[in-house]
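Student: I would like to learn how to read helix packing and a sheet. Please show me one case.

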Amino acid sequence: MASELIPLPARTLRLGMTLPYDLFDAGGQLLFARGQTLRDSPLVRSLIDGGAWVSAEQTMEYQRARAHRLDTLVLKDVPLADIAKADSSFRMETQPGSPPKIELGPREAWSDLLLHTHNLLRENQPADFPARLAGLRDAALKRLHAHPDATLLLLIFETSQEFTDYSARHALLTLLLADLVAQQLQLPPALREALHGAALTMNYGATAAHDRMASQADAATPAQRQAMAAHGDRAATRLAELGIQDQAWLTAVRLHHEAGPGPLTGRSAGETLARLLRRIDIFGARLAPRRSRPALSGAKAARAVFLDEQQQPDEAGAALIKVVGLYPPGTIVRLANGEVGLVFKRGFSANEPLVAALLGKSGSPLSAPVVRDTRLASQAIAASLAPAELKLRVNLEALLKL
């Protein structure tokens with residue numbers, strides 16, 4: 001096959017999805033053609049767990065087609081609810097003389113973005129790095145701005161379930177949270193763009209090491225911790241070599257583990273971004289499991305950034321909690337009435353989101369998600385639960401429709 005083959009990250013595929021690209025084995029043998037539906041079989045399950053390869057040209061073609069379709073829907077003022085309800089299976093028609101026609105599905109869209117993030121951050125000698133990175137940034141932010149709560153629900157929940165492809169998931173989640181914080185603080189456009197870039201690239205050059213540590217059963221060794229100690233400096237140096245010239249961006253990357261506590265005022269632009277990035281980084285890391293430790297509950301992750309290293313209220317952390325809440329979309333809670341559910345939409349206040357009840361008072365699964373308004377005393381949040389405490393296979397498609 002003439003086109004370069006690239007590996008799909010584990011869990012990119014799922015049963016029942018309509019393939020947006022051809023699937024190959026490592027030797028280039030075609031396994032499934034684009035447009036086929038993945039049915040349950042030992043081979044398909046092995047591909048889901050990691051083992052499928054795709055044509056780089058097809059995935060880039062597919063991403064461009066989806067972006068074209070999303071732009072069209074937005075420009076036509078299609079209601080956001082209709083965009084969110086787009087068919088979960090992708091189709092691409094490539095008739096001569098007509099633009100590609102596709103149906104967007106949120107999970108597949110993020111899987112494709114995850115694939116490109118994973119591969120770009122791991123390339124040793126990436127060509128056109130700034131332009132490709134900007135394309136990833138724009139595609140991710142476009143989806144966030146179109147469906148903010150659904151995007152947070154999807155990315156935070158899936159982050160809480162998987163330790164595979166840790167770096168790429170963390171980079172995308174950090175980008176989305178950084179954008180929300182930048183809006184909250186009304187950062188000027190140039191600083192907002194620098195924060196976006198730093199969020200995606202703060203771990204550049206160390207992504208493979210981060211993925212290994214996330215997947216290993218034991219905690220990081222002293223040698224691993226020492227190797228990671230200066231990864232901010234190394235990332236900033238490498239980014240400059242690849243054409244990134246924004247000094248606030250590079251400073252934020254270099255200092256994102258060293259930006260100490262205290263107010264944001266009085267810092268340079270790069271140091272301010274570094275402090276914001278530090279708190280967002282910690283928050284996202286607490287929500288994500290590693291093989292050696294489970295993910296924390298949403299409330300514990302929030303508390304980890306609301307107070308600083310000296311246990312004082314933290315300005316950067318407070319800005320983050322204001323935009324995602326104490327119980328962010330995608331996190332698990334128990335209600336006062338005994339039900340257990342998933343937060344799917346932020347509320348009017350940080351501690352009163354909308355929740356989809358999934359388990360009844362008896363602990364039995366409900367036949368369909370039931371919307372609960374936590375402003376009501378009987379439906380108020382009684383506890384924030386860690387992801388591992390929910391013993392239920394969640395139907396995200398049903399939740400995204402809410």
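Student: Is the crossing of helix 4 and helix 5 left-handed or right-handed?

Tutor: A crossing is left-handed if the near helix is turned anticlockwise from the far one by less than a right angle, and right-handed if clockwise. Here the crossing of helix 4 and helix 5 is left-handed. This is a predicted model, where local features need pLDDT of at least 70, side-chain atom pairs count only at pLDDT 80 or more, and totals for chains, interfaces and linings use all residues. Residues are numbered from 1 along each chain as its sequence is written, and side-chain values use heavy atoms, without hydrogens and water.

Student: At what angle do helix 4 and helix 5 pack?

Tutor: Helices (H or I, at least four residues) and strands (E, at least two) are DSSP runs, numbered from the N terminus. Axes are lines fitted to C-alpha atoms, for helices over the stretch in contact, and angles run from 0 to 180 degrees between N-to-C directions. Helix 4 (residues 106-122) and helix 5 (residues 129-146) pack at about 160°, their axes 11 Å apart. The two are therefore roughly antiparallel (angles over 145 degrees; under 35 is roughly parallel, 65 to 115 roughly perpendicular, the rest oblique).

Student: In what order do the strands of the open sheet lie?

Tutor: Strands of a sheet pair through backbone hydrogen bonds, either parallel or antiparallel. Two strands count as paired if DSSP finds at least two bridges between them. In this model 5 strands form an open sheet in the order 8-7-6-5-9, with antiparallel pairing. Its edge strands, pairing on one side only, are strand 8 (365-373) and strand 9 (381-385).

Student: Which residue in strand 9 is the bridge partner of Leu335?

Tutor: That is Ile381. Strand 5 (residues 332-335) and strand 9 pair over 4 bridges.
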